[in-house]
Every structure is written in C-alpha cells, then in structure tokens.
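Me: I have a complex open and want to talk it through. Can you take my questions as they come?

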Amino acid sequence: MSRLLVTLISTAVVVGMIALPSQLYTGQVRVVTAVLMFVALAQAWNIIGGFTGYACFGQVAFFGIGGYTTAVLMEHANWSFWWALPVSAAGCAMFAGLIGLPLLRLRGHYFAIATLGVAEGMREVITNLGPLTGGGAGITVPTVAGRGTPWLGNDGFYLLFLALAVLAVAVAVLISRSRFGYGLRAINQDEDAAAAAGVNTTRAKVAALSVSAAITALVGSAYAFQQITIYPQRLFDVDITVTMIVMVVIGGAGTVLGPLVGAVGLQFVSEYLRQAYPQEHILVLGAVIVLVVLLFPAGLLTAARDAVSERRISLLETIRAYRL
Amino acid sequence: MSSFWQATIYGLLQGGLLAMIAVGFSLVWGVMNIINLSHGAYVLLGAYTAWELHAAWGLDPLLGAAAGGTAMFVVGYAVQRLLVNRIVNAPIFLTLLLTFGLQLVLVQGMAVLFTADYRSIATSYASESFGIGDVRVPYGRLLAFGVAAAATAALVLFARRSRTGIAILATGMDRTAARLMGINARHVYALTAGIAAALAGAAGAMVGLVGTFSPPDAARFTLLSFVISVLGGLGNMYGALLGGLVLGVVQAWAGQYLPGTWVNAVAFAVLVGVLIVRPAGLAGRAFYEARVEAA
C-alpha cells in the first residue's frame with residue numbers, strides 16, 4: 001500500500017471517529033471511550049514490550065502515578081487539569097528514566113518481576129501517604145466551577161481519549177520508521193549485537209521506557225479526571241498491565257497495527273462477555289487468553305499477514321516452532 | 001523485647017511455610033525458565049481439596065495435605081504436558097500470559113465453586129500453644145513449619161540422589177544435551193511442574209490449617225514466591241528455604257514496627273533491591289548461573 005493511501009485511510013478513520021458519538025447512545029459512547037483508552041495503553045506498552053522486547057509487567061505504575069499526580073495537583077495545588085496533564089506525563093517520564101537506569105540492566109524474567117515489584121510497591125506507597133493521596137479511601141478531583149476544571153462530559157472525554165489514542169499511534173508510527181526504532185528492534189533481536197553495531201543500548205532502552213511511561217501517564221491522568229474519585233487498588237491494578245500485554249500479543253507485538261487491532265478486538269469481546277456472562281466473564285476471558293496464546297503465539301495480525309503473503313495458513317508452523 | 005522475639009518466631013514459622021510454596025516455583029523457573037503465574041492458584045486448589053475432605057469426612061489437614069498434593073501433582077503434570085510445553089520456546093511474555101490466563105480460569109472457577117468467603121480448616125490443636133519464656137509457639141504453625149521443612153529437604157534429596165531428580169537437573173542445565181542422552185524432556189518438564197504443583201497443593205492445606213484463605217489470595221502467593229525465589233537464587237532449593245525464612249522474618253518485623261500496610265511495600269522494596277544488587281540471590285550462586293544474565 002502506498003503511503004498516500006495509508007494517510008488517506010487513517011485521516012478518514014479519525015474524522016469518522018470524531019463524528020461517531022452523535023450516532024451512538026450514551027452507554028455506547030462510554031464503551032468506545034474505553035476502547036480508545038486501551039488503544040493508547042496497548043500502543044504505549046508496545047514501545048517498550050513490543051519494539052524493545054522488554055516485558056514490562058509494571059506498566060500500570062506509570063498509569064497510577066500519572067493519575068495520582070494529576071489528582072494531587074488539582075486537589076492540593078488547585079491546578080487546572082490542562083496543566084496537570086502534561087506535567088504528570090513529564091514527571092512520570094522522569095520517574096521511568098530514574099528506575100529504568102538500574103532496572104533495564106536486568107533481562108528477561110528479572111526485568112518483568114522487578115517492574116512488577118515497582119508497581120506493587122508504588123501502590124503501597126500511595127496507599128500509605130494518606131495526607132497527600134487520601135490513602136485507601138481514595139482522592140477526589142475537584143470538578144466544580146471556580147475550583148479545578150469542569151468535568152468534560154461523556155463526549156468531551158471521548159474526544160480526549162481519541163486524541164490520546166491518535167497521539168499514541170502516531171508516536172508508534174514515528175518510532176517504527178526512525179533510526180531510534182530500528183535501534184530498539186535490534187536490541188529486541190540481540191542486545192549484544194546491537195551494542196556492537198553502535199546502538200547506545202542503555203540510552204535507547206531508557207528513552208523507550210520514558211516515552212512509553214509518558215503516554216501511559218497521559219492516559220492515567222485523563223482516566224483519573226474521568227473517574228473523579230480514584231483509589232490505589234484500581235489505579236495500580238495489575239490487571240490493567242496484563243490487559244495491555246494481552247492486547248499487544250494478540251494483535252502482534254512490535255507492529256503498529258497489531259496492538260490497535262488487539263486493543264479494539266479484545267475490549268469489545270470482553271465488554272460483550274461482561275454483559276452476556278456477568279458472573280463468569282473473567283473465567284471465559286482467561287480461557288480466551290490461553291487459546292489465543294496457544295494458537296497464535298506470534299499474534300493474529302502476523303498470522304493473517306503470513307497467510308496472505310504466502311497464501312497458506314501458518315498456524316501449525318508457529319506452533320511447531322515454539323513447542324518442546 | 002518479648003514482642004521482638006514473638007515477631008521473630010512467628011516470622012520464622014510463617015517463612016518456612018512460604019518457602020514450601022516457593023521452592024517448587026523456584027524449581028520450575030530454574031529448570032524450565034518458566035514463571036508460573038498460576039502457582040498461587042495451585043496453593044488454593046490444594047487448600048480447597050483439604051478443606052472439602054475435612055468438611056466431608058473430618059479428615060485431618062495432614063492427610064488432606066497428602067491428598068491435595070497428589071491431586072495437584074496430576075493437575076500440574078497435565079497442564080505442563082498439554083499446554084505449557086507447546087510454547088516453551090516462545091518469547092517469555094507468552095508463557096507469562098498463558099499461565100496468567102490459567103490463573104484467571106482457576107481463580108474465577110474457585111470463586112464460582114466455593115464463593116469468595118474466607119475459609120479455614122478448624123482443628124482441635126492448631127490454636128493451642130506452648131511457651132518458651134514469654135514467647136508463645138502455636139502447635140499448628142509449628143506443625144506447618146515441620147511439614148514444610150521436611151518436604152523441602154525431601155525435594156532436595158530427591159533432586160540430588162534419584163535418577164529422575166538428576167534427569168530434571170540435567171535437563172535444566174542443557175536441554176539439548178539431556179535429550180541426546182536419552183532423557184524424555186517433555187516428560188521431565190511435566191514431572192518438574194507436577195512436583196512443584198504438588199508441593200504448592202500440600203502447602204495449601206497447611207495454609208488452611210494456620211489461617212484463612214480465599215480465591216483472590218492466589219496472586220499474593222505467586223508474588224511472594226517470586227520474591228523468595230529471587231532472594232534465594234532461582235532454582236536453588238536450599239536458597240528458597242533461606243529466602244522464605246528471611247522474607248517471613250522481615251515481614252513480621254515490618255508488621256510489628258511499621259504503621260499501616262507499609263509491611264507489603266517492604267517485601268517489594270527487598271525484591272527490587274536484591275534484583276538490582278545481587279541478581280543471583282542472597283545465597284550466592286543460582287542453580288544455573290548463565291540464565292541470570294542471558295535470560
């Protein structure tokens with residue numbers, strides 16, 4: 001596909017998305033808003049997990065820190081949301097850089113667990129900083145006129161999350177085409193070889209984690225404003241991290257389109273399951289994850305691309321490649 | 001001073017039980033380079049097995065531990081053989097995701113079957129205690145500690161002395177070479193996972209003996225297993241015992257002297273700190289050191 005065609009299609013999709021809420025019920029707008037939120041989150045994880053290959057299992061830490069920075073700045077410093085949003089992202093990017101320097105020296109499972117430990121630890125820190133963060137009882141963002149920023153309404157948050165999703169996808173596109181992105185892919189394939197070929201691996205990895213954290217923090221910040229009252233249990237919920245990872249892996253890690261497809265697909269499926277099987281939907285979701293991992297270990301998009309380009313179903317071949 | 005010793009004794013006894021949960025987790029990690037996120041769910045499955053047997057026939061939790069362990073051996077073997085073996089060579093987040101999906105299925109399945117109510121296995125002796133000076137030692141916790149220590153020692157002996165145990169360690173060191181020597185790697189992997197699950201299941205019965213449990217506890221047991229395995233050096237079975245004791249005591253002290261729920265933060269601070277400073281674990285060498293650097 002030519003570049004022009006891609007640009008035209010994506011512009012048409014974005015314009016269509018902006019016009020979409022007028023055609024939907026309030027409940028449907030909320031569902032699509034959640035989908036857009038996860039598109040941005042999945043794309044953010046894709047930068048560190050997909051391109052760079054570092055399985056960050058503590059991504060939700062950036063989500064929670066972004067949300068809590070915004071809530072604390074709005075509640076205690078009377079900041080406007082529109083100032084708190086970028087400041088939260090910048091602060092979180094710095095935090096990611098600081099923890100990234102020691103943690104990104106670890107590889108494989110060790111990195112995954114260390115980041116998980118950071119996320120769980122941050123939740124406990126936020127819970128125990130009661131005077132500042134409200135502790136386990138949560139903190140409420142001021143949304144009344146004269147103090148804080150007025151709540152944006154369903155359509156307003158739809159547009160905000162749409163903007164964040166477009167930003168996240170755009171950043172992923174830019175990275176995937178840049179020298180920086182090729183460096184990250186090289187690190188993913190063989191870090192020692194990448195270093196030998198002249199990639200400053202430490203700088204590239206820390207930058208990737210910081211960019212990924214900044215986008216995640218933007219989403220967390222917007223989410224905190226949308227929810228009005230936030231709690232540590234929700235903002236640092238490990239399920240949010242896992243959802244991002246599942247979306248990226250289902251779609252195809254390290255591609256731009258894959259996480260997009262995975263996020264849209266999985267969020268609609270889990271929303272459907274939630275409504276159809278209110279009791280057992282998590283059980284079914286778990287079974288879906290197991291099946292997809294077993295059948296499409298390289299991601300749906302990669303499997304589909306191989307099927308089209310090589311005119312055959314590569315299902316059995318990927319399974320053969322990964323089994324014992 | 002007596003509160004300090006009470007906390008220390010309590011931490012040691014609790015740490016022994018945590019070590020029994022973690023030793024299998026550490027073995028699976030060391031031999032197969034797999035992090036089993038459904039490990040905590042195995043603990044609870046064992047606990048519910050023992051609880052059901054106790055409720056139905058009044059079976060003592062000690063026998064319940066044997067039954068739960070046997071049942072979980074079968075589950076662990078089957079899960080490894082049928083599911084996890086299929087993606088052993090895939091990038092690590094796939095095995096993490098697969099076992100996370102399994103954990104969701106198992107935990108939600110238990111929540112549907114047994115509800116999310118807190119359960120415990122009530123016995124006549126568990127809450128009785130004897131004293132050493134001012135320090136009280138409950139029989140139930142002492143028994144759980146004894147079972148945990150014996151099971152860990154038996155596992156080490158099995159791994160170092162029996163032909164099967166040596167085959168497991170050999171497969172962990174170099175799978176290709178082990179297969180060339182005629183070892184059936186698929187069976188050995190499944191056996192390793194089965195042993196880990198059996199220890200977790202038996203430990204679950206002990207968890208029910210000394211306290212309460214409920215399906216959402218699964219994630220906490222998995223996380224504590226992480227911490228202990230890292231503390232001890234992965235795959236290092238004595239290391240896991242040491243890591244469990246250290247974590248138990250540190251948590252007990254933190255619970256005694258720190259306000260609020262800082263005690264949970266301490267466990268993760270210890271984890272991240274050890275990972276950064278000594279990735280091979282406090283006990284020194286990991287079982288298979290190359291894995292530490294080369295992922």
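Reply: Here is a quick run through confidence, the two chains, their contact and a few residues.

Me: What kind of model is this, and what ipTM and pTM does the predictor give the complex?

Reply: This is a predicted model. The predictor gives the complex an ipTM of 0.80 and a pTM of 0.84.

Me: What is the mean pLDDT of chain A?

Reply: Chain A has a mean pLDDT of 88. In that chain, 98% of residues reach 70 or more.

Me: Which elements of chain A have the lowest and the highest mean pLDDT?

Reply: The lowest is helix α16(A), residues 315-322, with a mean of 72. The highest is α10(A), with 95.

Me: And what does chain B average?

Reply: Chain B averages a pLDDT of 85. There, 93% of the residues score at least 70.

Me: Where does pLDDT stay under 50 in chain B?

Reply: Over residues 288-295 of chain B. For that stretch the model has 12 contacts beyond four places in sequence.

Me: OK, folds. How many helices and strands in chain A?

Reply: Chain A has 16 helices and 2 strands. Its C-alpha atoms fill a box of roughly 60 × 50 × 45 Å along the principal axes.

Me: What radius of gyration does chain A have, against that of a compact globule?

Reply: Chain A has 20 Å. A compact globule of 324 residues would have a value near 20 Å, so the two agree.

Me: What share of chain A is buried?

Reply: Of its 324 residues, 49% count as buried. Among contacts in chain A with a separation of 6 or more, 75% come from residues 24 or more positions apart.

Me: Now chain B. What pattern does it follow along the sequence?

Reply: Chain B has 12 helices and 2 strands. Along the sequence the pattern is α-α-α-α-β-β-α-α-α-α-α-α-α-α. The radius of gyration of chain B is 19 Å, close to the 19 Å from the globule rule for 295 residues, so chain B is as compact as a globular protein of that length.

Me: What does the C-alpha trace of chain B span?

Reply: About 60 × 45 × 35 Å along its principal axes. Buried residues make up 55% of the 295 in chain B. Of the contacts in chain B between residues at least 6 apart in sequence, 77% join residues at least 24 apart.

Me: Back inside chain A. At what angle do α4(A) and α10(A) pack?

Reply: About 145°, with their axes 7 Å apart. α4(A) covers residues 81-103 and α10(A) covers residues 201-227. Their crossing is right-handed.

Me: Which residues meet there?

Reply: From α4(A), they include A:Phe81, A:Leu85, A:Cys92 and A:Leu101. From α10(A), they include A:Lys205, A:Val206, A:Leu218 and A:Phe225. By class, the contact of α4(A) with α10(A) has 16 nonpolar, 5 polar and 1 charged residues.

Me: Single residues now. Why does A:Met247 count as buried?

Reply: Because A:Met247 has 26 C-beta neighbours inside 10 Å, and the cut-off for buried is 20 or more. A:Met247 is found in helix α12(A), residues 238-251.

Me: What does A:Met247 touch?

Reply: Leaving out residues up to four places away in sequence, A:Met247 touches A:Phe38, A:Ala42, A:Pro259, A:Gly262, A:Ala263 and A:Leu266. A:Met247 and A:Val39 are 208 residues apart in sequence, but 8.7 Å apart in space, C-alpha to C-alpha.

Me: And B:Pro61, buried or exposed?

Reply: B:Pro61 is buried, with 30 other C-beta atoms within 10 Å. B:Pro61 is in helix α3(B), residues 61-82.

Me: What separates the C-alpha atoms of B:Pro61 and B:Met206?

Reply: 7.0 Å, although the two are 145 residues apart along the chain. Beyond four places in sequence, the residues that B:Pro61 touches include B:His54, B:Ile121, B:Ala205 and B:Leu209.

Conventions. Residues are numbered from 1 along each chain as its sequence is written. Chains are lettered from A and ligands numbered from 1 in the order in which they are written. This is a predicted model: local features need pLDDT of at least 70, side-chain atom pairs count only at pLDDT 80 or more; totals for chains, interfaces and linings use all residues. Axes are lines fitted to C-alpha atoms, for helices over the stretch in contact, and angles run from 0 to 180 degrees between N-to-C directions. Helices (H or I, at least four residues) and strands (E, at least two) are DSSP runs, numbered from the N terminus. A crossing is left-handed if the near helix is turned anticlockwise from the far one by less than a right angle, and right-handed if clockwise. Two residues are in contact if their C-beta atoms, placed from the backbone, lie within 7 Å. Ala, Val, Leu, Ile, Met, Phe, Trp, Tyr, Cys and Pro count as nonpolar, Asp, Glu, Lys and Arg as charged, and the others, Gly among them, as polar. The radius of gyration is taken over C-alpha atoms; the globule rule is 2.2 Å times the number of residues to the power 0.38. A residue is buried if 20 or more other C-beta atoms lie within 10 Å of its own, exposed if 12 or fewer, and partly exposed in between; C-beta atoms are placed from the backbone. pLDDT is the predictor's confidence in each residue, from 0 to 100.
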